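Subject: Structure for you to look at

Hi there,

Here is the structure I promised to send over. Please have a look at it first, and then read my notes below.

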Protein chains: 2
Amino acid sequence: MAIQPVLIAGAWRPANDSATFQAANPATAQPLPEVFAVSRWEDCEAALEAAAAAAAVLRHAPPERLAAMLDRLAQRIESRGEELVETAHAETGLPKKPRLADVELPRTTDQLRQAAAAARDGSWAMATIDTRLNIRSCYRPLGPVCVFGPNNFPFAFNSVAGGDFAAAIAAGNPVIAKANTSHPATTRILAQEAHQAALESDLPPATVQLLYRTSHADGRRLVADPRGGATAYTGSRAAGLELKAAADAAGRPIYLELSSINPVVVLPGALAERSDKIAEEFTTSCLLGTGQFCTNPGLVVLLAGAKTDEFVEAVAARFRAAPAGTLLSAGVARNLSASVAQLADAGAQILVGGRPETTGGYRFANTLLKVAGEKFLAAPEKLQTEAFGNVSLFVVARDAAEVARVLDNLEGNLTGCVYSDTRGSDDGLYGTIAEHLRGRVGRLLNDKMPTGVAVSPAMNHGGPYPATGHPGFTAVGIPASLRRFAMLACYDNVRPHRLPPLLADRNPTGRAWRLIDGAWAQANVGG
Amino acid sequence: MAIQPVLIAGAWRPANDSATFQAANPATAQPLPEVFAVSRWEDCEAALEAAAAAAAVLRHAPPERLAAMLDRLAQRIESRGEELVETAHAETGLPKKPRLADVELPRTTDQLRQAAAAARDGSWAMATIDTRLNIRSCYRPLGPVCVFGPNNFPFAFNSVAGGDFAAAIAAGNPVIAKANTSHPATTRILAQEAHQAALESDLPPATVQLLYRTSHADGRRLVADPRGGATAYTGSRAAGLELKAAADAAGRPIYLELSSINPVVVLPGALAERSDKIAEEFTTSCLLGTGQFCTNPGLVVLLAGAKTDEFVEAVAARFRAAPAGTLLSAGVARNLSASVAQLADAGAQILVGGRPETTGGYRFANTLLKVAGEKFLAAPEKLQTEAFGNVSLFVVARDAAEVARVLDNLEGNLTGCVYSDTRGSDDGLYGTIAEHLRGRVGRLLNDKMPTGVAVSPAMNHGGPYPATGHPGFTAVGIPASLRRFAMLACYDNVRPHRLPPLLADRNPTGRAWRLIDGAWAQANVGG
């Protein structure tokens with residue numbers, strides 16, 4: 001069987017391989033036919049060399065070309081939509097409809113088009129002009145970006161064409177993509193289209209490069225290499241922390257999304273008012289995509305009482321009745337079993353599920369666990385083990401003070417939700433709870449489950465460590481996500497004809513927002 | 001002799017000390033009378049506890065109070081100006097006039113007032129509002145900030161009242177200051193005034209805390225503590241990297257300013273046009289403050305030729321003629337000797353100076369070294385050793401291509417300058433040189449020495465590693481410097497009365513710039 005070539009320096013060529021791998025169809029647990037290479041360091045080295053050369057060209061590429069590439073890629077993805085959906089479905093087990101075809105694929109192309117618009121407009125670079133001192137600054141491309149994509153979004157967070165990719169390219173950087181090994185064929189199709197889109201847009205051939213897999217040691221070496229600009233990683237905490245240590249030691253920026261259990265607090269008034277509706281919302285959110293969302297609600301905090309008992313029972317009934325979905329890989333299924341065992345060992349009671357399903361590929365029973373607040377506080381670290389999948393833990397606290405203590409013991413998370421009644425009876429309690437939650441989460445929600453992550457300029461898909469590596473950045477939300485892949489570049493007393501267009505007196509796009517002498521404006525300097 | 005108390009939890013109290021130290025007068029090399037404690041971990045622990053409690057209050061403090069404190073501090077510094085100048089002069093050997101009294105002190109109070117204005121106005125938080133989806137986000141205080149100040153700016157970068165301090169407070173965080181041990185008495189006075197300013201402004205007593213010294217192990221523990229928000233460090237590379245490793249491993253943000261040799265490239269046309277003027281500018285810049293600036297021009301790159309020989313000789317004559325200034329400490333003098341020896345060992349020729357002065361305290365002869373481009377390229381790492389003080393190395397390259405290779409071998413720096421002639425004859429060369437320099441420096445200057453760092457919104461006092469720890473942040477320049485001490489906080493579907501004032505429909509200050517549906521505006525939402 002032929003081994004799939006890697007994309008390096010503009011050519012699809014055989015990998016300098018040390019081994020091969022195949023992805024599996026999660027619905028059958030059978031290997032898929034295509035064979036992919038595990039690249040040796042030589043491939044990384046070649047990709048870094050080519051990326052550094054491409055970066056030098058991209059840095060001065062007209063933003064219109066970057067935008068054209070992203071727009072073209074969106075269009076090309078749409079034209080191969082059916083094939084992409086079939087391939088991703090075979091590799092991930094995610095439903096073709098609505099998930100892959102109607103939700104994730106349009107989200108991906110929308111993201112690419114938003115990134116294109118941001119590149120075109122130039123506001124993302126936050127041009128800042130001090131006319132009195134003639135000091136001017138803006139963000140500029142940082143250099144080659146290594147993107148490690150996660151297993152759970154084969155399109156929207158793919159290392160090619162996903163959110164990090166779109167942001168890196170829009171900011172003017174080439175991308176070295178490391179495919180997620182659970183969906184290499186999907187990534188290959190996206191890379192083919194991204195590569196063509198780059199060529200058609202007169203961008204360097206090495207604007208997009210693709211490796212399928214490397215050793216962990218080569219991954220660490222890759223993210224620490226001085227030719228690289230930055231790294232974006234979404235995936236497991238253990239692998240992410242290895243990369244973080246290597247990048248940190250070398251002083252290279254790395255943006256990580258590592259783990260999150262996304263606490264949801266349901267206040268008593270909300271339960272009194274609409275328990276069933278919340279049970280339904282929660283179940284839908286928690287079982288969506290078989291619970292394999294970064295923002296899956298994995299921890300629910302409730303106040304002890306009859307209404308809470310009823311709510312727990314209502315959710316349990318729904319969990320029992322719903323079919324268990326397919327998990328993304330054997331690894332996900334294995335880790336899920338281990339996490340549930342760890343939660344149970346630490347004192348959580350299994351209300352529903354708790355064991356793998358024995359038929360139909362990689363599956364685990366929809367699982368609900370419960371633990372008293374007091375018990376949680378006795379082992380808060382173990383009881384916030386992330387169980388990535390269709391599992392959630394309910395923590396039943398004695399009173400509001402105990403809820404606050406539970407929240408105070410949480411690590412950093414991407415999201416935190418509070419459900420409260422609509423008539424104001426929870427308002428007093430809300431203040432306390434929100435205060436304890438706010439500093440521990442990137443996004444605070446009211447009366448809404450966390451699984452939807454809108455691509456809005458106001459979105460924050462980030463949060464305190466270990467949800468991410470730095471609480472000031474977001475992976476979703478344009479233009480902010482672009483600034484992760486940029487450096488601040490100041491021009492002090494630089495002569496006018498030597499300034500980058502965005503810092504010239506004349507606004508080059510007529511639409512770029514620039515901070516001129518303390519006021520944001522789209523006008524030229526001096527009117 | 002009484003040991004100076006530390007400031008913890010609002011009280012000046014005896015340190016839980018493990019040892020004591022005294023600063024020295026650099027002009028005499030004699031110890032100064034005051035005795036300060038080396039704190040044990042118990043002091044750090046108490047400071048962290050108090051700071052965490054203060055942070056919870058400050059987070060909701062009206063910005064007007066933060067601004068009032070910073071304004072009051074500026075005024076209090078002015079009212080004790082003479083004493084501050086005397087004390088700092090005794091501890092640092094820096095000239096009272098113009099440096100301390102007329103330059104650094106006014107710069108410090110200006111910085112405090114600019115930070116006050118930023119806090120009052122609210123634009124720094126980059127409120128972003130998506131009205132269609134009702135998602136809103138802004139930066140919010142991160143929590144206690146540990147500030148480690150450098151030895152070279154006893155006011156403007158002091159861990160109390162300096163730039164990092166002003167930014168941290170303006171963003172709504174308490175500060176745990178670690179005094180620079182070469183000027184503890186100056187820091188004590190500033191802390192007295194900052195503490196009073198906080199109390200008068202109804203801010204928590206632990207808004208400002210001060211420790212004089214800790215063990216390195218306790219320093220590492222302090223920056224990694226989960227109660228801390230972030231750390232700002234300016235100082236030696238070795239100590240900074242120790243703190244960085246500790247903070248990184250714990251996932252706590254740390255902003256570092258570590259080292260920089262600030263390359264200056266003088267193009268042939270500039271030398272032909274105004275060699276003497278540039279020699280004068282360079283000498284002034286390089287010997288200013290006895291060369292002890294983060295942005296001191298420590299490396300000059302020239303093209304071989306008769307004009308360059310003349311220029312080198314002109315600078316050498318000036319270095320010989322100028323008196324050698326006082327260095328900040330015995331350590332600075334020791335390190336400077338070692339660095340010059342290392343440069344000479346690596347092949348640089350000493351043209352002027354090269355040895356300590358034997359009289360008048362801590363002094364080292366004004367020193368100029370020279371090396372051929374080829375030799376530099378044979379040992380680029382050793383030949384860019386930072387010699388912190390009145391020392392510079394001239395690299396004479398054979399041709400423009402060699403200049404480019406020299407620049408390509410530089411580590412990250414805070415600044416890079418290019419001098420070119422005013423009639424355009426250097427323009428061709430400029431393009432190549434600037435391109436090789438741009439990505440390696442935070443601030444690119446034309447025809448201007450790097451030692452002035454204006455407090456402008458467009459300033460970047462930052463740069464690629466190892467100049468700093470992340471190329472996207474600046475330590476000088478308001479409002480950008482505030483955002484280092486903040487987390488991105490998103491509110492998704494949060495009810496209007498629960499939003500922070502800055503994200504409400506009504507603009508709370510009437511002046512805060514907010515990004516509303518993609519357009520920057522000072523108006524209320526909906527008009």
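How many residues of domain 1 of chain A are in contact with domain 2 of chain A? There are eight, and they meet nine residues of domain 2 of chain A; contact here means that C-beta atoms, placed from the backbone, lie within 7 Å.

Before going on, some housekeeping. This is a predicted model, in which local features need pLDDT of at least 70 and side-chain atom pairs count only at pLDDT 80 or more, while totals for chains, interfaces and linings use all residues. Residues are numbered from 1 along each chain as its sequence is written, and chains are lettered from A and ligands numbered from 1 in the order in which they are written. Chain A has an average pLDDT (the predictor's confidence in each residue, from 0 to 100) of 97, and 100% of the residues score at least 70. For the complex, the predictor gives an ipTM of 0.98 and a pTM of 0.98.

Back to the domains. Domain 1 of chain A covers 33-123 + 141-258 + 474-481 and domain 2 covers 263-446, with bounds from an automatic or database domain assignment. Their centres, taken over C-alpha atoms, are 32 Å apart.

Now the interface between the chains. In chain A, 53 residues are in contact with 53 residues of chain B. Strand 22 (486-492) of chain A is among the elements that give two or more residues to this side, and its seven residues are the largest share. Helices (H or I, at least four residues) and strands (E, at least two) are DSSP runs, numbered from the N terminus.

The same surface serves both copies, as 100% of the contact residues of chain A recur in chain B.

Two strands pair if DSSP finds at least two bridges between them. Strand 22 of chain A and strand 21 (residues 441-446) of chain B pair in the parallel sense over three bridges, and there Y491(A) has L444(B) as its bridge partner.

Best wishes

Terms used. Two residues are in contact if their C-beta atoms, placed from the backbone, lie within 7 Å.
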